[in-house]
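Please keep the sequence and the coordinates in view while reading.

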Amino acid sequence: MRRLPPFLSTVLGWTVAVVAVALVVLATTAGFVERLLRPDGAPYSLVTREVGDHPLAVLAILVVVAVPYVVAFRWLCARTAAWRDGVAAPTPTGRWVRVAGFVDHVFARWYRVAAVLAVVWLPFYLTSFPGQPSPDAANMFTEFLQRRSDFAGAPPLAPADLTAPYVDYPTSTYLMDAMPPGSDSMWSNHHPLFLMIGYGSICWVSIQLFGSLVPAIVLISAASAVFTLVAFGRALTLLGRHVSSWWHRGLALALTLLSPLIALWSMAEHKNQLFCAAFVWWLALLARLVHSPEPVGRRWYAETVAVSLVMAVSVQFGWIVLVAQALALLVTRHRVAGLVAIGVPAVLVYASIALVTAGGAAVPSDPVETKGTQMQLLALTLREHPDALTDQERADLSRIFDLDVMVDVFDPSSSDPLKSTGPLERKSASFRYETVQPEDWEVLNPIVLRLAKEYPATFVDGLFLKSYRYLDPFDEGTDWYPPWSPGYERSVDGYQVAPVDLNATLRGTTRDVARSCYSSFPCRPTLSHGVRTVALVLLLAAAIAVRRRYAWLWALPFALQLGIAGVSPLSAGGRYVLAFTYALGIVVLLLATGDRSSDPTRPAAAERDAATTGG
């Protein structure tokens, strides 16, 4: 396949990099504008309003923010360009001899890396194990263990232990009614279907053997932590084979070790941490594929298929990341490997879920979950311009929402109130899930587009409110800690899910200490998802700008996840950018790997050409 001409490759690379850096600069600027210039008493910041009221102040903030970012970006460009031929650490002397020997010894076997991680993270394990299930996990347990009839006659706002998952989400009634006549199942793909079945099966066995859900919670939490240790052990050692520098391998290990959030999230009975652990493992396997001088063997295929399956079943967007990467590999010499080991697992999981839901064995994910951005833009527009809708538009939208309630419960940090989900104390009557029909949704996008054309400033404000906080390293974010609350109580079929009494005092103390650290500006970077997200974006942007080979391949799945985070229900949810927190050390090793293939049969000139053109 012909590669891009060097000039076009340079222009394209720098365009992508400049856009990425500009997004980070604008997001951080918007954060400072919100904190410094928002009018007293205003419920939220509107970027266009603040720019109009304080143009010189905003310009000054933009310049002050841009300068350090540009300096950091140029420094990263120099670093990543210097790593093009691989990296070499100076010969260690003095005390560094032992450090280098330790790094070499640890990276020789994956289980040694896992053991080091386990030892360093042991304080977090001892004080926080097991992770207490959140409402999402409790709903997955409920879907598997109980029936629809168990909730017959329950009021919509029943106590937590009487609330059906399809009311707690909620799921549109027409989706439930579409199930076969007489079906009493509550299975759905609101949270990943196969993960729900896996968690639910463990819970069922736990009840049968022990008469309690606590053993299931302990097992799920332990299995998640062990999987994370294995994933990082395999990822770091696979990449370590391509990086001879003990210093860079040690840096990647330190970046992983010194992130308490990885240890704390690894014990969650959730889904995002499973995906992220599999994701770092998967990135290392891809590096093994593209940098190996000879064809990979059957073990690589088996390992990659298994890891890809975990990614596909753990989160709703997992199959999207896999399919995109399989398609990206079509422009390399690894087409077959990408399609077989990455594309096929994604298609199998997606197709099987489609068949199960089409056959009426489970309810598909509600379409409202993909419309968070439209709902946020609509609610903000109606708050700022109450007469924006025509009578016909208001009548059409009223089949989906109670518009008065929708405007009243608008929260720029979350679309959950608009779709009547989230904590019961915040549950609203905004979304008419009991009466909405599929055809009712046809009016939403045209109306939102019409409003965007008529009120472009409000549209810009809405987009900033929805997404800028992910790329503001100074933003406090939401849900950055593993999702559970000490005050959360839940039982399923009479069996207690939360609170988990085991280790409850230490777990609560650790949570309080972490929150205290997070509220302190000097301490926050150690726990901030935003800091690592911005660092990784700048690092990959620099690698693309200097045309590092395969930099675009590593950047693609992160770009997809950042886009997915932007349309997620939360405006700064830590779990939606958890992959950036997990993968910073991994990406350092990816970029410390030399561009040139070590294949001795490849002509040197061809190697230089590939390195120059990004091929």
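Tyr 550 is placed in the loop between α24 (529–545) and α25 (551–566); helices (H or I, at least four residues) and strands (E, at least two) are DSSP runs, numbered from the N terminus. The model is a predicted one, in which local features need pLDDT of at least 70 and side-chain atom pairs count only at pLDDT 80 or more, while totals for chains, interfaces and linings use all residues. Residues are numbered from 1 along each chain as its sequence is written, and side-chain values use heavy atoms, with hydrogens and water left out.

Although Tyr 550 is not a glycine, its phi is positive, at about 70°. Its relative accessible area is 2%, so Tyr 550 is buried (under 20% relative accessible area; exposed is over 50% and partly exposed in between, with a 1.4 Å probe and protein chains only). Asn 503, also not a glycine, has a positive phi of about 60° and sits in the loop between β2 and α23. That loop, between β2 (495–498) and α23 (504–518), also holds Pro 499, which is joined to Ala 498 by a cis peptide bond with omega about 0°. Another cis peptide bond links Phe 129 to Pro 130, with omega about -10°; Pro 130 belongs to the loop between α6 (122–128) and α7 (135–145). For context, most residues other than glycine have a negative phi, and most peptide bonds are trans.

How does α14 pack against α26 (residues 578–592), and at what angle? The angle is about 15°, and the axes lie 9 Å apart; axes are lines fitted to C-alpha atoms, for helices over the stretch in contact, and angles run from 0 to 180 degrees between N-to-C directions. The two helices, α14 and α26, are therefore roughly parallel to each other (angles under 35 degrees; over 145 is roughly antiparallel, 65 to 115 roughly perpendicular and the rest oblique). The residues that make this contact (heavy atoms within 4.5 Å) include Phe 279 and Val 280 of α14, and Tyr 582 and Ile 586 of α26. They divide into twelve nonpolar, two polar and no charged, where Ala, Val, Leu, Ile, Met, Phe, Trp, Tyr, Cys and Pro count as nonpolar, Asp, Glu, Lys and Arg as charged, and the others, Gly among them, as polar.

The axes of α11 (residues 214–240) and α14 come within 8 Å and cross at roughly 20°, which makes α11 roughly parallel to α14. Among the residues that meet here are Phe 227 and Phe 232 in α11, and Leu 274 and Trp 281 in α14. This contact comprises 15 nonpolar, three polar and one charged residue.

Finally, Leu 329 occupies the loop between α16 (318–328) and α17 (335–358). With 0% relative accessibility, Leu 329 counts as buried. Beyond its neighbours within four places in sequence, Leu 329 is in contact with residues including Leu 286, Val 290, Ile 342 and Leu 553.
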